Amino acid sequence: MPSYKPHFPEIVDPGGVDASPYPRAMPITTDESRQATVSETGGEPLTDFAGTSNPYIDYQSIDLLLSLQHPRSDGYDEMCFFVMGQVKELLFRGLHFELVNAQMQIRDGKVDNALVILSRAKTMVEYIVRSWDVLSTITPDGFNQFRDTLGTASGQLSFMYRHVEFVLGNKNRKLAQAHRNVPHVWPAMEKALTSPSLYDDVIALLARQGHALEVNALERDWSETYKPSASVRDAWQKIYREPEADNALYRLGEALIGVDEQMSIYRWRHFISVHRIIGYKPGTGGSAGVGWLEHVTSHRFFPELWEIRTLF
Ligand code: HEM
């Protein structure tokens, strides 16, 4: 869209928004109160509210959320880029929640619960992958119209994405340290860097279930990127010799590789979309751009689960 200038419809007057990030006070309803309300409304939706807000707005601070879209240029494609960037941050937030909870269930030995959660996590990554269908409609000239306004901002500085990588085990102190000057973000980032990942908890579970593992697979500096271990590979190989529905560890291995596969597809879609939009120009974040993304595309979170494929 080289010359068409966008119209930005005004949706929310930012001057009226309660900008607090904390939950707003809200009344609770019950089956009984909802029944009583229906009797009063005769079955029609509520449309009269006291004060200056309504319960839908307050439940998720929707007016605040919808007052945060500020494209910085009049390039037509920037609104699409801006909204999709925010949507992806929210989806990574949701994905991270699922992965942390899967990890906690595994730590508690509740593998069946973890499997339910990992199934949703995989579906969420599939959904996030599809965001590239929209983003890759941004053309090279469309991107050029607003790229300068990004300054040195880059997705590589997404602390939410970094949390996802870290809970899955791809630790990287250098990339984490990009956030050390942000006091309300750094403590959680540093904790994620230095704590066991989901896969570290899976490996501890394998040991608790009787698999003989090398000590350095169980006790290590958690801030280091996970390095494949022969004993973990042997444990998975043994587990995969019984590919039965009642073999919970086998099902766990398959659930994990499903998430890993989708994350690989996500990285590949990012790489290929970026290639399509900016070719081999350098990234805004200081990297070589597409070459750097191609390199990170080859990462696998659970290497032994990939390795054993060759052994069968
Ligand atoms: C559509 C236009 C986009 C382009 C041209 C683009 C380009 C790039 C480039 C070149 C890099 C390498 C680092 C650097 O900037 O030097 C990168 C990294 C990254 N981008 Fe994008 N990007 C785009 C959209 C997005 C969006 C919408 C998100 C999600 C919020 C995102 C998330 C990331 C992440 C998380 C990384 C770091 C990857 C890693 O650590 O493995 N990108 N991007």
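Trp-132 counts as buried, because its relative accessibility is 8%, where buried means under 20% relative accessible area, exposed over 50% and partly exposed in between, with a 1.4 Å probe and protein chains only. The model is predicted, so that local features need pLDDT of at least 70 and side-chain atom pairs count only at pLDDT 80 or more, while totals for chains, interfaces and linings use all residues. Residues are numbered from 1 along each chain as its sequence is written, and side-chain values use heavy atoms, with hydrogens and water left out.

**Aromatic residues**

- The structure holds 14 aromatic pairs; rings of Phe, Tyr and Trp (its six-membered ring) pair if their centres lie within 6.5 Å, and planes under 30 degrees apart count as stacked, over 60 as edge-to-face and the rest as tilted.
- One of these pairs is tilted and joins Trp-132 and Tyr-266, with 5.9 Å centre to centre and 45° between the planes.
- This pair links distant parts of the chain, 134 residues apart, with Trp-132 in helix H6 (residues 131-135) and Tyr-266 in helix H14.
- Tyr-266 counts as buried because its relative accessibility is 4%.
- Tyr-266 also forms a tilted pair with Tyr-161, at 6.2 Å centre to centre and 35° between the planes.
- Here too the pair links distant parts of the chain: Tyr-161 lies in helix H8 (residues 159-168) and Tyr-266 in helix H14, 105 residues apart.
- With 12% relative accessibility, Tyr-161 counts as buried.
- Phe-92, Trp-132, Tyr-161 and Tyr-266 belong to one aromatic cluster.

**Iron site**

- The single donor that the protein gives to the iron atom of the ligand is His-270 (NE2), 2.4 Å away; donors are N, O and S atoms within 2.8 Å of the metal (3.2 Å for Na, K and Ca), and sites may look incomplete because water is not among the atoms.
- His-270 is found in helix H14, which covers residues 248-278.

**Overall fold and surface**

- The protein has 16 helices and 0 strands, taken as DSSP runs numbered from the N terminus (helices H or I, at least four residues; strands E, at least two).
- Its C-alpha trace spans about 65 × 60 × 35 Å along the principal axes.
- Of the 312 residues of the protein, 40% count as buried.
- Among contacts (heavy atoms within 4.5 Å) between residues at least 6 apart in sequence, 73% join residues at least 24 apart.
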